[in-house]
Amino acid sequence: MDVAEGATGLVATGNDPDTGPGGRVSQAFQLVEFAERALVPAVVFERERGSSWTEIAPYLGIGPAEVEERFAAHPDHWNTAFEVPYRLDDTGRKRVPQLPTAAYDPVWACDRLDTWARNRLVLVNDERPVSSGLGRAAPEEELPPVTP
């Protein structure tokens, strides 16, 4: 959603004089940052569904070894985070989530995505355009305790 919203900010409008000097560059740079943040979950998704580094590499314009070097830790972190969903901060008193908000509250995330899609995507005529294609997982047991 952030990438799509960031891209809409780059469309020239009559309000462009409101964008101060360098404003357009700032908006474009923010879009690049959003896209970079979207890239890691996309690579994790591809690895989880069985794509090899060799299959991913052409889409990034670099070799398989470079892709693996850059992204190999991310799927491991993702899987480890499901085992230990929170870590303690440096003070040892505050729990810090290891996963995206959607992993902790998928109903909220689906509602947010469905609302965004209904409001932004032309020709979408579905009450739940994003979540209707998702399967429900079996309820999990209680989360494991936080380890220091």
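**Aromatic pairs and charge–ring contacts in the predicted model**

W78 counts as partly exposed at 27% relative accessibility, a class lying between buried (under 20% relative accessible area) and exposed (over 50%), with a 1.4 Å probe and protein chains only. The model is predicted, with local features requiring pLDDT of at least 70 and side-chain atom pairs counting only at pLDDT 80 or more, whereas totals for chains, interfaces and linings use all residues. Residues are numbered from 1 along each chain as its sequence is written, and side-chain values use heavy atoms, with hydrogens and water left out.

The chain contains seven helices and two strands, taken as DSSP runs numbered from the N terminus (helices: H or I, at least four residues; strands: E, at least two). Read from the N terminus, the order of elements is α-α-α-α-α-β-β-α-α. Of the 148 residues in the chain, 16% are buried. Among contacts (heavy atoms within 4.5 Å) with a separation of 6 or more, 34% join residues 24 or more positions apart. The accessible surface of the chain amounts to about 11,100 Å², and carbon and sulfur atoms contribute 56% of this area (Shrake-Rupley method, 1.4 Å probe; for residues, only the protein chains shown count as cover).

Two aromatic pairs are present in the structure. The pair formed by W78 and F82 is edge-to-face, because the ring centres are 4.9 Å apart and the planes stand at 85°. W78 and F82 both belong to helix α5 (residues 73–83), where a spacing of four residues separates them by about one helical turn. F82, with a relative accessible area of 44%, is partly exposed.

Y86 and Y104 make up a tilted aromatic pair, with 4.9 Å from centre to centre and 40° between the planes. Since Y86 is located in strand β1 (residues 86–88) and Y104 in helix α6 (residues 101–104), this pair ties together parts 18 residues apart in sequence. Y86 is buried, at a relative accessible area of 15%, while Y104 is partly exposed at 27% relative accessibility.

The ring of Y86 also has R95 over its face, at 3.8 Å from the ring centre.

Terms used: Phe/Tyr/Trp six-rings, centres within 6.5 Å; stacked < 30°, edge-to-face > 60°. Lys NZ or Arg CZ within 6 Å of the ring centre and 35° of its normal.
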